[in-house]
Amino acid sequence: MSISRFFTTVFSIKRSVWGTDEDDNSFSEESEVGSFSGHRQQASAELVQNLGLTYTKAFTVWCPVGTDVVEGDTIEAEDGKYSVRAVQLNGNGLNRHKQIVAELDLVETE
């Protein structure tokens, strides 16, 4: 049985890219670079401590090995936006996948 059966949440991937305006001034903006289906769960306390993250905001996301996601990207799902803090390839065995460690970006509402 494959781990991919858990990949039921759709995420979009956004990355900072450089652009230039009409006066040839450089600027950075977030651009969508793709999407993937993955599985999100609360990160373990040990992982959170090792990375120096906040436990209530840290999640691991499992996704296919070929997913184009890197540290510093933003991933977004229906329930929120996450900042990618680490990406690890678990490339051995039957359940090959990438493991993303991400922090939920909290948005204040009035």
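These legends go with a set of close-up views of a predicted model.

**View 1**
E1 and E2 run antiparallel and are joined by 12 bridges. For a handy landmark, look for Gly-19, which stands opposite Phe-27 in E2. Together the two strands make a hairpin, with five residues between them.

**View 2. Asp-24 in the turn of the hairpin.**
Now zoom in on the turn between E1 and E2, where Asp-24 sits with a positive phi of about 65 degrees. That's a positive value in a residue other than glycine. Is Asp-24 buried or exposed? Its relative accessibility is 60%, so Asp-24 counts as exposed, the cut-off for that being over 50%.

**View 3. E1 alongside E4.**
E1 has another partner to look at here: strand E4 (residues 74-77). E1 and E4 pair in the antiparallel sense, this time over three bridges. To find your place, pick out Lys-14, which stands opposite Thr-74 in E4. Asp-73, the subject of the next view, belongs to the loop between strand E3 (58-63) and E4.

**View 4. Asp-73 and its polar contacts.**
Asp-73 is a loop residue, lying between E3 and E4, yet at 2% relative accessibility it counts as buried, because the limit for that is under 20%. What does the side chain of Asp-73 reach at 3.0 Å? That would be the backbone nitrogen of Val-70. There's also a polar contact of 2.8 Å between the side chains of Asp-73 and Arg-15. Leaving aside neighbours within four places in sequence, the residues in contact with Asp-73 are Ile-13, Lys-14, Arg-15, Asp-68, Tyr-82, Ser-83 and Val-84.

**View 5. Ser-83 in strand E5.**
Ser-83, one of the residues that Asp-73 is in contact with, has its place in strand E5 (residues 80-90). With 13% relative accessibility, Ser-83 counts as buried, since that value is under 20%. Which residues does Ser-83 touch, not counting those up to four places away in sequence? Asp-73 is on the list, along with Val-101, Ala-102, Glu-103 and Asp-105. As a reminder when looking along any such element, in a regular strand the side chains alternate between the two faces of the sheet.

How values were computed:
Residues are numbered from 1 along each chain as its sequence is written. This is a predicted model: local features need pLDDT of at least 70, side-chain atom pairs count only at pLDDT 80 or more; totals for chains, interfaces and linings use all residues. Side-chain values use heavy atoms; hydrogens and water are left out. Buried means under 20% relative accessible area, exposed over 50%, partly exposed in between (1.4 Å probe, protein chains only). Helices (H or I, at least four residues) and strands (E, at least two) are DSSP runs, numbered from the N terminus. Contact means heavy atoms within 4.5 Å. Two strands pair if DSSP finds at least two bridges between them. A polar contact is a pair of N or O atoms within 3.5 Å; within protein, one must be able to donate a hydrogen and the other to accept it, and residues adjacent in sequence count only if both atoms are side-chain atoms.
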